[in-house]
Amino acid sequence: MIYTCTLNPSIDYVMELDEVKLGQLNRSEKVAFYPGGKGINVSRVLKRLGSESVALGYLGGFTGEYIRQFLDQEGIMNRCIELEGTTRINIKLKANQETEMNGTGPQIPESEQFKLLSQVGELTEKDILVLAGSLPTSVPKDFYSKLAEHCLKHNIPFVLDTSGIALADTLRYRPFLIKPNQHELGELVGVPIKTLEDAAKYGKEVLQRGPEYVLVSIGGLGAVLVGKEITAFASVPQGEVINSVGAGDSMVAGFLSVFAKDGNILEAFRQGVAAGSATAFSQDLCTVEKVQELLPYVEVQVKE
Ligand SMILES: Nc1ncnc2c1ncn2[C@@H]1O[C@H](COP(=O)(O)OP(=O)(O)OP(=O)(O)O)[C@@H](O)[C@H]1O
Ligand SMILES: O=P(O)(O)OC[C@@]1(O)O[C@H](CO)[C@@H](O)[C@@H]1O
């Protein structure tokens, strides 16, 4: 089973405006809200692509209840731990450019942190754990490392999609896959990543620090997958970007839904890119139809 873990889920409140005027009243005539948080997005896309997963993490208050109901409606198994605080609402402003405002999220008491560690303690080497999103300020900075250390000890493959210190410090526990975007990879290696070649070169360097595969996305420029014995480049389909929120998460889900079925890394890479673009070209997360429509436009080239 695939388990996704979102320590700090959200409701994503999306507002479309022609222009955002700071310091003034802005009115939007088009708003929408969706359950959010990186692991929750991965679970939602997995479901659409025909793969089951269990959502782990924390939910609380009326916003948490909304997410619970939404996941139930979509048939996504949910073992999120109930918190006393209220799950955050993240604001996504869509004007001439996208602006995101993410809140800090509720406190996670130590007792609830132990509960999650014990849930992860039940996983076996047949499972895959996806650790995705930022660490809430109330958990120790090594929280992902603790989960990852358990995974390494018990041969549980895990995917890590986070940034900054949480990413850098957890690499040594040998994640099966990390998915930095160009900025996250740049931060990790201390060099700006501008091209797919940069991504391949520095992605290879990061392999020395522990992960088995590094999947780097560079928005509309393409994507790179590197492993010990593989370097592959993918083109992305052309289209109008409507929503880039969750594109990276869709990429992880697209990748995993193929990999978990037959272990084909290159096909997983191709579907990951198609799913990322399918979300970028949609209002909400991608549908399976959109992913299938885009698959033929993703060209994967393996570099010898
Ligand atoms: N302009 C674009 N055209 C086509 N596909 C795109 C575009 N932007 C993003 N994508 C798709 O989404 C994937 C992930 O994009 P990106 O590099 O922006 O990741 P990210 O920053 O992790 O995303 P997120 O916004 O979810 O945090 C890309 O590999 C690609 O498949
Ligand atoms: O604050 P974090 O955990 O880094 O990111 C949270 C978030 O921006 O990521 C998702 C898109 O990837 C959104 O659904 C959500 O609002």
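For this notebook, I count two residues as in contact when heavy atoms lie within 4.5 Å. The model I am looking at is a predicted one.

**Entry 1: two helices side by side**

I began with helix 8 and helix 9, and with what each brings to their contact. From helix 8, I listed Ala 247, Ser 250, Met 251, Gly 254, Phe 255, Ser 257, Val 258 and Phe 259. Facing them in helix 9, I found Ile 265, Glu 267, Ala 268, Phe 269, Gln 271, Gly 272, Val 273, Ala 275, Gly 276, Thr 279 and Ala 280. I sorted the residues of this contact by type and got 11 nonpolar, 7 polar and 1 charged.

Next came the geometry. Two packed helices are described by the angle between their axes and the distance between the axes. I looked up both: helix 8 covers residues 247-262 and helix 9 covers residues 265-280, and their axes come within 7 Å and cross at roughly 150°. I also noted that the crossing is right-handed.

**Entry 2: around ligand 1**

Which residues come nearest to ligand 1? I found Asn 181, Ser 217, Gly 219, Ser 244 and Gly 248, out of 19 residues around the ligand.

Then I checked some polar contacts. A side-chain polar atom of Ser 217 sits 2.8 Å from an oxygen atom of ligand 1. Gly 219 uses a polar backbone atom instead, 2.9 Å from an oxygen atom of the ligand. For Ser 277, I noted a polar side-chain atom 2.9 Å from a nitrogen atom of ligand 1. On its own, ligand 1 has 630 Å² of accessible area, and the protein covers 83% of that.

My helices from the first entry turned up again here. Strand 12 (213-218), helix 8 and helix 9 each give at least two residues to the shell around ligand 1. Helix 9 gives the most, with 4 residues. By type, I counted 9 nonpolar, 9 polar and 1 charged in this shell.

**Entry 3: around ligand 2**

I moved on to ligand 2, which has 16 residues around it. Asp 12, Lys 38, Asn 90, Lys 92 and Asp 249 come nearest.

How far is a polar side-chain atom of Asp 12 from an oxygen atom of ligand 2? I read 2.5 Å. For Asn 102, a polar side-chain atom lies 3.0 Å from an oxygen atom of this ligand. Asp 249 also places a polar side-chain atom 2.7 Å from a ligand 2 oxygen. The protein covers 89% of the 400 Å² of accessible area that ligand 2 has on its own.

I then asked where the shell comes from. Strand 2 (10-16), helix 1 (38-48) and strand 7 (88-94) are the elements giving two or more residues to it. Strand 7 has the largest share, 3 residues. My tally by type for the ligand 2 shell is 1 nonpolar, 9 polar and 6 charged.

Terms used: Residues numbered from 1 in each chain as written. Chains lettered and ligands numbered in written order. Predicted model: local features only at pLDDT ≥ 70, side-chain atom pairs only at ≥ 80, totals over all residues. Heavy atoms only, no water. Axes fitted to C-alpha atoms, helices over the stretch in contact; angles between N-to-C directions. Left-handed = near helix turned anticlockwise from the far one by under 90°. Nonpolar A, V, L, I, M, F, W, Y, C, P; charged D, E, K, R; others polar. Near = heavy atom within 4 Å. Polar contact = N/O pair within 3.5 Å; in protein donor to acceptor, adjacent residues only side chain to side chain. Areas by Shrake-Rupley, 256 points an atom, 1.4 Å probe, with all protein chains shown as cover.
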